[in-house]
Amino acid sequence: MVLVSTALASLDSLNNLKPPFTLPSLGYGYEALEPAVDAATMKVHHDRHHQAYVDNLNKQNVASDQTLIRLFKSISKQPDGVRNHGGGHWNHAFFWTIMTPVKENQAVPARLQKEIEGAFSSMDAFKKQFEEKGTKLFGSGWVWLIRNSKGALEITTTSNQDNPQMDVATTSGVPVFNADVWEHAYYLKYQNKRADYLKAFWNIVNWKQIDEYDQEALKMLRKN
Ligand code: MN
């Protein structure tokens, strides 16, 4: 039996991960997000795909005092392996936390709802734009809700395992929410229907965690 974790994660702890990198636990069972995300997908995604990013990142000879965020800020000067596997590790570690089977955490906190409505006019308009950008992204990558450098909420995408905090990001910002749109994230259940996966995805989003990330992102931007 897997205990379901209701503890909230932080951007700061993720950004400050150092070698040796390790696979974080999901905090819920592989089957916990059914039917939106199936157990077989969760198991192979976490145990094999994410584990491979961690293992390959550990082969990159990253200095023991180096943090993921410092690598991201200088990623254009780092080897491709650090960009691909460092991004892969961060993006997945974050992704597991923004999904939850816990009903209370699936309710959108009033503060966050107001922020999203302010930026996108309504929750439905936000979801529609997020789904559209995720569906239209060509090839493998991620769709993100970020706080951009002006502190505004914005939806953006990155290719492969790039992260909005990397110096190569075309739209940079602090991640608040993401969705994996690599085929490995949905193919077993949805085959080529990425849009159907993204639609079902809303049922298991951890809005309480996203509200926490958003408040942290705003504090980080005020400090810079
Ligand atoms: Mn993935």
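Modeller: Happy to; we'll take the metal site and then a helix pair. This is a predicted model, where local features need pLDDT of at least 70, side-chain atom pairs count only at pLDDT 80 or more, and totals for chains, interfaces and linings use all residues. Residues are numbered from 1 along each chain as its sequence is written, and side-chain values use heavy atoms, leaving out hydrogens and water.

Biologist: Which residues coordinate the manganese ion?

Modeller: H45 (NE2), H92 (NE2), D180 (OD) and H184 (NE2) do, at 2.0 to 2.1 Å. Donors are N, O and S atoms within 2.8 Å of the metal (3.2 Å for Na, K and Ca), and water is not among the atoms, so sites may look incomplete.

Biologist: And what spacing do the donors follow along the chain?

Modeller: The pattern is H-x46-H-x87-D-x3-H. H45 lies in helix α2 (residues 39–58) and H92 in helix α4 (residues 80–97), so the pair ties together parts that are 47 residues apart in sequence. Helices here are DSSP runs (H or I, at least four residues), numbered from the N terminus.

Biologist: Is H92 buried or exposed?

Modeller: H92 is buried, with a relative accessible area of 0%; buried means under 20% relative accessible area (1.4 Å probe, protein chains only). H45 is buried too.

Biologist: New topic: at what angle do α6 and α8 pack?

Modeller: Helix α6 (residues 123–136) and helix α8 (residues 194–201) pack at about 145°, with axes 9 Å apart. Axes are lines fitted to C-alpha atoms over the stretch in contact, and angles run from 0 to 180 degrees between N-to-C directions.

Technical notes
Helices (H or I, at least four residues) and strands (E, at least two) are DSSP runs, numbered from the N terminus. Buried means under 20% relative accessible area, exposed over 50%, partly exposed in between (1.4 Å probe, protein chains only).
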